[in-house]
Amino acid sequence: MLLVDTNVLVDVWQNDPQWANWSVAQLRAQSQIHELVINSVIYAELSLNYESVERLDERIEDLELRLQQLPRPALFLAGKAFMRYRRAGGKRTNVLADFFIGAHAAVLQCGILTRDTTRYRSYFPSVQLVAPESQLHRGHRRLRRLPQQPVAERRNLVE
């Protein structure tokens, strides 16, 4: 299982000139070896770009993404990570989406497909990240590539 971060999906759906090719390639490659999932926080972030639930659901179904709800242990862990962020001088006063996403991945013991590694790396170091090389080598700690696990069926994600 692999959580797909909002930024990767927005890259594809908005044909981002800098990141769309990387994001499409990663969705294709990772779908061959992992079940791709999003959670309710990612769904809410994606909803900003759509006029209806039905249209967003169609896009999610087109990519064969599974929506998974956040379990209570992930919600608890997100709060604890946010508390560490605030104690370290973080200025935001509301729990940020990245904390929910990172905590969810930590509880599920799965990775995250993302191109923004900063908070995940800082507050969820056990979570493995699939990210552009430029992001994987930022900071002090080198992140490992997510181990490949076969998926029963192949998918055609993006036309």
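The legends below describe close-up views of a predicted model. Residues are numbered from 1 along each chain as its sequence is written, and side-chain values use heavy atoms, with hydrogens and water left out. Because the model is predicted, local features need pLDDT of at least 70 and side-chain atom pairs count only at pLDDT 80 or more, while totals for chains, interfaces and linings use all residues.

**View 1. The ring pair of Trp-19 and Trp-22.** Rings of Phe, Tyr and Trp (its six-membered ring) pair if their centres lie within 6.5 Å, and planes under 30 degrees apart count as stacked, over 60 as edge-to-face and the rest as tilted. By this rule there are eight aromatic pairs. The rings of Trp-19 and Trp-22 have centres 6.2 Å apart and planes at 85°, so this pair is edge-to-face. Buried means under 20% relative accessible area, exposed over 50% and partly exposed in between, with a 1.4 Å probe and protein chains only. Trp-19 is buried at 17%, and Trp-22 is buried at 19%.

**View 2. An aromatic cluster.** Phe-82, Tyr-85, Phe-99, Tyr-123 and Phe-124 together form one aromatic cluster.

**View 3. Glu-64 and its positive phi.** Most residues other than glycine have a negative phi. Glu-64, which is not glycine, has a positive phi near 55°. Helices (H or I, at least four residues) and strands (E, at least two) are DSSP runs, numbered from the N terminus. Glu-64 is found in the loop between α4 (53-62) and β3 (66-68), and is partly exposed, with a relative accessible area of 36%.

**View 4. Gln-109 and its positive phi.** Gln-109, also not a glycine, has a positive phi of about 55°. Gln-109 lies in the loop between α6 (97-108) and β4 (111-113), where the residue is exposed, with a relative accessible area of 74%.
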